[in-house]
Amino acid sequence: MIKNPYISVVVCTHNRSALLDQALESLVTQTLDRRQFEIIIVNNCSTDDTAGVVERFKAHRAGDVLLRSVDEPVLGLGHARNRGWRAASGDYVAFMDDDAKADSHWLERAVNLIRQHTTTPVAVGGQIRPLYLSPRPAWYKDAYEVRSWGPASRRLVAGESFSGSNMILSKAILRLLEGFDASVGMRGERVSMGEETVLFGKIWDAMGEQALLVYSPDLVVYHAVGKHNMRPRYHLHRWFVAGQVACRLDAPCGLHDRIARLRANVTTIRTLIRSAVTDRKHFSDYRPWIVERLGPVALEIGRLLACIGLYIPVRRANLAAELKAAGKSGEGHSVEAVRWFTS
């Protein structure tokens with residue numbers, strides 16, 4: 001039994017048992033000494049076989065890695081992440097999504113990165129890169145999926161933050177700032193975002209330039225990208241939701257401010273549409289044009305509607321069902337990806 005792990009890896013999951021098994025596989029095969037980390041699965045109101053997957057994995061694959069599960073009865077990623085870090089025993093808490101795969105050196109490199117600094121980092125993080133579950137269309141760019149602060153290690157500056165599936169924070173700062181804002185972020189099948197942005201904003205507000213957040217491109221996590229994710233509609237939905245969340249996080253207080261914000265939104269939307277129409281001739285394919293030029297329009301529309309109190313829910317794709325179907329048919333998906341999730 002591990003008494004004092006250095007890092008606790010928290011994987012929050014909701015009804016994705018078909019994905020969870022192999023996400024955990026990438027964690028138990030880490031190169032970091034097994035005495036230095038633990039894995040915590042937070043079951044967030046799952047009604048599928050998540051509990052069974054965890055128990056079978058613990059019995060047959062976990063080996064000498066400490067793996068335990070906790071339940072979070074309140075639906076929402078913020079609630080689940082807070083439940084995870086509060087249950088953690090490590091000095092640092094790493095967060096990874098249930099549809100992700102960690103590079104085998106992820107934790108070892110994170111520990112080395114932390115320990116090479118004389119000032120203790122508040123957080124470290126790295127790249128999120130795509131793992132395509134089906135062949136990538138010729139028009140679709142890796143840049144649509146990559147989350148990175150560039151090719152070189154560096155210290156983040158105020159306003160920058162890490163993405164949710166590849167961020168490792170000190171438990172001390174999570175405790176000090178009371179973790180994540182559970183009023184934003186994913187809630188079951190409903191797409192949302194922003195809990196990481198809010199948390200890192202609180203870090204910068206609390207610590208200013210004294211906050212040491214270190215990025216390294218060598219810390220890599222791969223995130224599953226299904227067919228649904230490689231459609232223009234999906235990206236418009238994400239831009240739209242981002243606008244709704246942005247308005248909620250920076251909502252105007254009074255009527256005068258609200259009216260001013262609405263006018264600014266309308267002006268911005270008109271400007272973006274005119275620019276998009278002008279730029280259409282520079283795109284040989286309409287699909288990247290939609291993603292890159294109409295996406296910002298969708299963001300401002302989402303912001304405008306939220307400003308008048310209209311929030312439109314967007315549901316996430318059923319990636320687990322897509323993978324199950326792919327495993328049965330063997331058609332239209334990356335062989336490596338299907339084997340990874342369905343073996």
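This section describes the fold, cores, helices and selected residues of a predicted model.

Residues are numbered from 1 along each chain as its sequence is written, and side-chain values use heavy atoms, with hydrogens and water left out. Because the model is predicted, local features need pLDDT of at least 70 and side-chain atom pairs count only at pLDDT 80 or more, while totals for chains, interfaces and linings use all residues.

The protein chain holds eleven helices and nine strands. Helices (H or I, at least four residues) and strands (E, at least two) are DSSP runs, numbered from the N terminus. Of the 343 residues, 52% count as buried. Buried denotes under 20% relative accessible area, exposed over 50%, and partly exposed the range in between (1.4 Å probe, protein chains only). The protein chain exposes about 16100 Å². Carbon and sulfur atoms supply 52% of that area. Accessible areas come from the Shrake-Rupley method with a 1.4 Å probe; for residues, only the protein chains shown count as cover. Among contacts (heavy atoms within 4.5 Å) with a separation of 6 or more, 82% join residues 24 or more positions apart.

In soluble globular proteins, nonpolar side chains tend to be buried together. A nonpolar core is here a set of buried Ala, Val, Leu, Ile, Met, Phe, Trp, Tyr and Cys residues joined through side-chain atoms within 4.5 Å. The largest such core has 36 residues. Ile-7, Leu-27, Ile-39 and Trp-106 touch the most other members. At least two residues each come from β1 (7-13), α1 (17-28), β2 (37-43), α2 (50-60), β4 (92-97), β5 (100-102), α4 (106-115) and β9 (213-225). Helix α4 gives the most, with six residues. A second, separate core has 29 residues, including Ala-123, Leu-156, Phe-180 and Tyr-215. Beyond its neighbours within four places in sequence, Leu-27 is in contact with Val-9, Val-11, Phe-37, Ile-39, Met-96, Ala-102 and Trp-106.

Leu-27 is also among the buried residues of α1. Eleven of the twelve residues of this helix are buried, so α1 is largely enclosed by the rest of the structure. The buried set is Ser-17, Ala-18, Leu-19, Leu-20, Gln-22, Ala-23, Leu-24, Glu-25, Ser-26, Leu-27 and Val-28. The end C-alpha atoms of α1 are 17 Å apart, which agrees with the 16 Å that its twelve residues should span at 1.5 Å a residue. The expected span is 1.5 Å times one less than the number of residues in the helix.

Helix α8 (residues 255-279) has 25 residues. From first C-alpha to last, α8 reaches 36 Å, close to the 36 Å expected. Its buried residues are Asn-265, Ile-269, Ala-276 and Asp-279. The cover over these buried residues includes α9.

Ile-308 is exposed, at a relative accessible area of 52%. Together with Leu-310 and Ile-312, Ile-308 forms a nonpolar patch on the surface, with about 260 Å² of accessible area in total. Patches are made of residues with over 30% relative accessible area and no salt bridge, with like charges joined within 9 Å and nonpolar side chains (Val, Leu, Ile, Met, Phe, Trp, Tyr) within 5 Å. A salt bridge is a side-chain nitrogen of Lys or Arg within 4 Å of a carboxyl oxygen of Asp or Glu.

Backbone angles were also examined. Most residues other than glycine have a negative phi. Cys-45 has a positive phi of about 60°. This residue lies in the loop between β2 and α2 and is partly exposed, at 29% relative accessibility. Glu-178 likewise has a positive phi, near 60°. Glu-178 sits in the loop between α5 (171-176) and α6 (195-207). At 59% relative accessibility, Glu-178 counts as exposed.

Gly-125, in strand β6 (residues 123-132), has a relative accessible area of 0%. Gly-125 and Leu-169 are 44 residues apart in sequence and 8.6 Å apart in space, C-alpha to C-alpha. Glu-160 occupies the loop between β7 (154-155) and β8 (167-170). Glu-160 is buried, at 14% relative accessible area. Not counting residues up to four places away, Glu-160 touches Trp-149, Arg-154, Phe-200 and Trp-204. The C-alpha atoms of Glu-160 and Trp-149 are separated by 9.1 Å, at eleven residues along the chain.
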